[in-house]
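Please open the model in your viewer and keep the selection tool at hand. The stops below say what to select next and what is there.

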Amino acid sequence: MSEGDTTSLPLARVELDMAKCTGLGICESLAPDFFEVEDDGTLTVLRGDVDPADLPAVRDAVASCPTEALRLVAE
Amino acid sequence: VTSETDAPPADPLVIVGASLAGLRAAEAARSEGFGGRVVLIGDEPWLPYDRPPLSKAYLESDVADTTFRDRATLTEELGLELKLGTRATGLDTAGRRVLTDDGPVEYGQLIIATGSGAKPIAGMDGRAGVFVLRTRSDAERVRDALDAAERVVVIGGGFIGSEIAAACSRRAAHVTIVEAAEVPLMRAVGPVGSALMDLHRQNGVEVLTASPVAELVGADRVTGVRLADGAHLPADLVVVGIGSAPSTAWLEGSGVALDPRDRGVLCDQSLATNVPGIWAAGDVAHWPNPAFDRVMRLENWTSAAQQGAHAARNALAREPKAYETVPYYWSDWRADRLQFVGIPDADDIQVAAGAIDSGRATVLYGARGRLVGALTLNQPRHIMKLRALIASRATTEAAGELVRSLPAKAAAR
């Protein structure tokens with residue numbers, strides 16, 4: 001995986017495993033345009049498709065999930 | 001490694017402490033493209049595992065395993081050299097060696113991530129039925145003891161004690177928290193701590209405040225706890241949750257500067273210690289946090305994970321970067337989730353939405369008009385928006401407006 005040159009990265013998509021997510025919200029904190037925890041603690045993925053420019057923040061959000069409920073998959 | 005600077009070589013990168021911060025350090029080194037040796041030393045025999053569930057779901061059920069990554073992922077995919085069940089006993093900074101009970105380990109760059117250990121109370125040693133809860137082994141022992149326990153006393157009404165009591169209350173008939181202070185959680189959340197104890201009472205947990213423990217009672221096995229006022233609480237299981245201290249005894253005399261009070265590791269903004277090539281991350285690290293212009297030491301999951309990765313990136317970088325964060329932690333008490341962001345050192349604490357006794361609340365902490373902290377009880381939609389406001393140094397007034405705007409937004413959907 002090449003780091004740094006984000007323009008060459010393919011479009012990616014966020015996948016949420018609702019069985020694992022407990023709504024701790026670290027993803028929302030790191031990428032608020034993509035994730036929002038609702039009043040009942042469920043997570044809404046606001047935008048599933050991730051542009052290369054947003055990839056570093058979303059990748060950080062995915063990697064930071066305490067319950068490993070998020071995945072990034074290449075489109 | 002070729003370098004035109006005086007920077008010491010990074011290979012091997014040695015990480016002492018194989019819990020969350022240590023694992024994240026190793027993962028970050030690889031994701032940064034570091035191809036040298038990475039050695040991960042841990043005193044427990046287990047592969048790195050997640051701790052938050054240990055005082056929660058782990059005690060309630062047979063959720064048996066919180067291991068982060070299997071051995072093959074660690075050794076083959078990440079190419080880590082694991083030295084588990086190996087205790088660091090000293091540090092030779094001149095010879096660039098970590099001393100362990102399995103012999104010395106040479107380092108190029110070193111990350112200290114040994115975390116903290118649970119504080120014991122007098123009379124625990126050699127008395128069955130009394131436990132601290134820090135490690136997986138501790139949690140297994142408490143969980144097993146809960147199979148037969150009818151009366152549980154939890155010493156300490158902080159977050160760890162509260163979580164343990166809440167989990168135990170699902171399995172034992174009588175659970176009592178005894179807290180020495182008048183207001184539990186005072187340092188963590190301020191006077192709101194008293195109201196939070198009502199959550200325990202609603203769960204059937206008895207809470208005694210201003211109740212220091214005088215002694216444990218029972219010969220070989222604990223039979224109760226005697227309080228300073230003479231009261232005797234019968235118990236067949238006692239769990240001690242009175243705090244933790246940095247695990248840095250192995251660094252004494254090494255030249256790595258330690259805090260005179262708690263013996264945590266003193267770092268600069270980039271998590272570098274006073275010794276070149278040595279960094280610290282997680283529970284052990286004191287560092288000046290630019291978000292609040294003050295030196296902090298945090299004992300939470302979020303910062304352990306981030307600091308581990310940050311320290312590793314800095315250890316491998318020519319230009320180390322400052323680590324800045326608005327602290328975040330959570331605590332689950334049965335069905336209730338508490339979340340805290342920022343710091344509680346406030347001159348103005350106000351409930352901006354809901355009420356603690358209604359089971360939903362958002363509490364704002366202001367200092368000289370700036371929002372510095374926020375506590376939510378079962379308000380997961382609020383917390384991260386408030387964290388962003390703290391990071392941007394917003395006013396408490398702006399935070400109040402945001403909180404008031406959120407229910408309207410929900411209704412409009």
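**A polar contact to start from**

Select Thr93(B) and Ser254(B): a polar atom of the Thr93(B) side chain lies 3.3 Å from the backbone oxygen of Ser254(B). A polar contact is a pair of N or O atoms within 3.5 Å; within protein, one must be able to donate a hydrogen and the other to accept it, and residues adjacent in sequence count only if both atoms are side-chain atoms.

The model is predicted, so local features need pLDDT of at least 70 and side-chain atom pairs count only at pLDDT 80 or more, while totals for chains, interfaces and linings use all residues. Residues are numbered from 1 along each chain as its sequence is written, chains are lettered from A and ligands numbered from 1 in the order in which they are written, and side-chain values use heavy atoms, with hydrogens and water left out.

**Thr93(B)**

Stay on Thr93(B), which sits in the loop of chain B between strand E4 (88-92) and strand E5 (97-100). Helices (H or I, at least four residues) and strands (E, at least two) are DSSP runs, numbered from the N terminus. Buried means under 20% relative accessible area, exposed over 50%, and partly exposed in between (1.4 Å probe, protein chains only).

Now show what surrounds Thr93(B). Apart from neighbours within four places in sequence, Thr93(B) is in contact with Tyr107(B), Ser254(B), Val256(B), Val275(B) and Ile278(B). Contact means heavy atoms within 4.5 Å.

**Ser254(B)**

Move to Ser254(B), in the loop between strand E17 (244-246) and strand E18 (265-266) of chain B. Ser254(B) counts as buried because its relative accessibility is 9%. Leaving out neighbours within four places in sequence, Ser254(B) is in contact with Leu91(B) and Thr93(B). A polar atom of the Ser254(B) side chain also lies 3.2 Å from the backbone nitrogen of Val256(B).

**Val225(B)**

Next, select Val225(B), in strand E14 (residues 224-227) of chain B. Val225(B) has a relative accessible area of 0%, so this residue is buried. Not counting residues up to four places away in sequence, Val225(B) touches several residues, among them Val153(B), Val213(B), Leu216(B), Ala231(B), His232(B) and Val238(B). Asn203(B) lies 22 residues from Val225(B) in sequence, with 22 Å between their C-alpha atoms.

**All of chain B**

Zoom out to chain B, whose secondary structure comes to 10 helices and 26 strands. Its C-alpha trace spans about 65 × 60 × 40 Å along the principal axes. Of the 413 residues in chain B, 56% are buried. Among contacts in chain B with a separation of 6 or more, 60% are between residues 24 or more positions apart.

**Chain A**

Finish with chain A, which has two helices and five strands. Which order do the elements of chain A run in from the N terminus on? They run β-α-β-β-β-α-β. Buried residues make up 37% of the 75 residues in chain A. Of the contacts in chain A with a separation of 6 or more, residues 24 or more positions apart account for 60%.
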